[in-house]
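Subject: A structure to look at, with notes

Dear colleague,

Please find below the structure that I promised to hand over to you. Have a look at it first, and then read on for what was found.

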Amino acid sequence: MSFFTDAPRSRPLFPVPEQELFGYNGRPWVEPPHEYIVPAILPWSMPLGRAERTIVALRGIEVWPESVSFQLSVYSRDLLLDEPGEGLIDHRRVPDYNALLVGVLFPDGRRASSETISVPSATKPDQPVLRAQGLGGSAFHVDHEIFLWPLPPDGPLELIVQWLDRDIEETHTSLDGTAIRDAAKEAGEIWPGLPAREAHGLPVRRVGAQAMITPAWPRESQAPPPLPQPQRPSSPPADATAPAADQPRRGAPLPTRLPRRAR
């Protein structure tokens, strides 16, 4: 008798569409390549900043071939967040200088921090990139991932935290940049030889929160294609004095919720 039940199982009612993983996009400055690389692990854990009721600590480091991720945790005896998944620092939010701030200082003087909003770049940046996001936790403990590109040069790398609202002044912690660079050689590729994504000449442009596939735009010297104009509905018949029951009245607000399913 096997450990796991080997009886046939029913398929889910709404199966996930089949998809294949494409090759790595070759932009190591955007995010950690979790789907393509097994990182080297440096089990370095130490406090980065401490106050009477709050501790900011480093729990470990994941080293990728061209970048590094610091696993940072915040512990508190007071309530930190109602929604821990949002995190205390996020590269997509305008920072509050009295809240938690994180930065790095390279031996050659280059620096990066969570002071500004970090937007992914399509081209290789000429300055270090730091991107922070929350990973969840609880009301009194929140985890974060601090992504840093590129790998630091040989020498001391300073990891800096500050949290004035929690009485944590600017605190510098020195890490071994040479050891981080050496660990990057141990990161392994998971799926060598994956095919690249086919573009089909249709670039992806982002509009608000939606990603739309559109034909390639003409050159700057040419005028952009005209937008489609909405067609006005034809006038109702003369004997139509009331709107249809299943359509909203003209000028009435559209429904924002679907009707509840009948029990």
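A residue is called buried when its relative accessible area is under 20%, exposed when it is over 50%, and partly exposed in between, with a 1.4 Å probe and protein chains only. Helices (H or I, at least four residues) and strands (E, at least two) are DSSP runs, numbered from the N terminus. Please keep in mind that this is a predicted model, in which local features need pLDDT of at least 70 and side-chain atom pairs count only at pLDDT 80 or more, whereas totals for chains, interfaces and linings use all residues. Residues are numbered from 1 along each chain as its sequence is written, and side-chain values use heavy atoms, with hydrogens and water left out.

I begin with strand β6, which covers residues 100–105 and is mostly covered, since five of its six residues are buried. This strand belongs to an open sheet of four strands, in the order β7-β6-β10-β11 and with antiparallel pairing; two strands are said to pair if DSSP finds at least two bridges between them. At the edges stand β7 (111–113) and β11 (168–176), each with a single partner strand, so one side of each has no neighbour in the sheet. Neighbouring strands of this sheet are turned by 15 degrees against each other on average, direction ignored, where axes are lines fitted to C-alpha atoms (for helices over the stretch in contact) and angles run from 0 to 180 degrees between N-to-C directions.

On one side, β6 pairs with β7 in the antiparallel sense over three bridges, in which Gly 103 has Ser 113 as its partner and Val 104 stands opposite Ala 112. These two strands form a hairpin with five residues between them, and Gly 109 in the turn has a positive phi of about 100 degrees. Helix α1 (residues 177–184) lies across β10 (156–163) and β11, running at about 55 degrees to β11.

The next topic is charged side chains. A salt bridge here is a side-chain nitrogen of Lys or Arg within 4 Å of a carboxyl oxygen of Asp or Glu, and by this rule the count comes to five. In one of them, Asp 78 meets Arg 53, with the closest N and O atoms 2.9 Å apart. Because Asp 78 lies in the loop between β5 and β6 and Arg 53 in the loop between β3 (46–50) and β4 (54–63), this pair ties together parts that are 25 residues apart in sequence. Asp 78 also forms a salt bridge with Arg 166, at 3.6 Å between the closest N and O atoms; Arg 166 lies in the loop between β10 and β11, so this pair ties together parts that are 88 residues apart in sequence. Asp 78 is partly exposed at 28% relative accessibility, and Arg 166 is buried at 17%. Salt bridges that share partners join Arg 53, Asp 78 and Arg 166 into one network.

Finally, Asp 90 is placed in the loop between β5 (68–76) and β6, and is buried, with a relative accessible area of 13%. Asp 90 touches Ala 132 and Gln 133, leaving aside residues up to four places away in sequence, where contact means heavy atoms within 4.5 Å.

With best wishes
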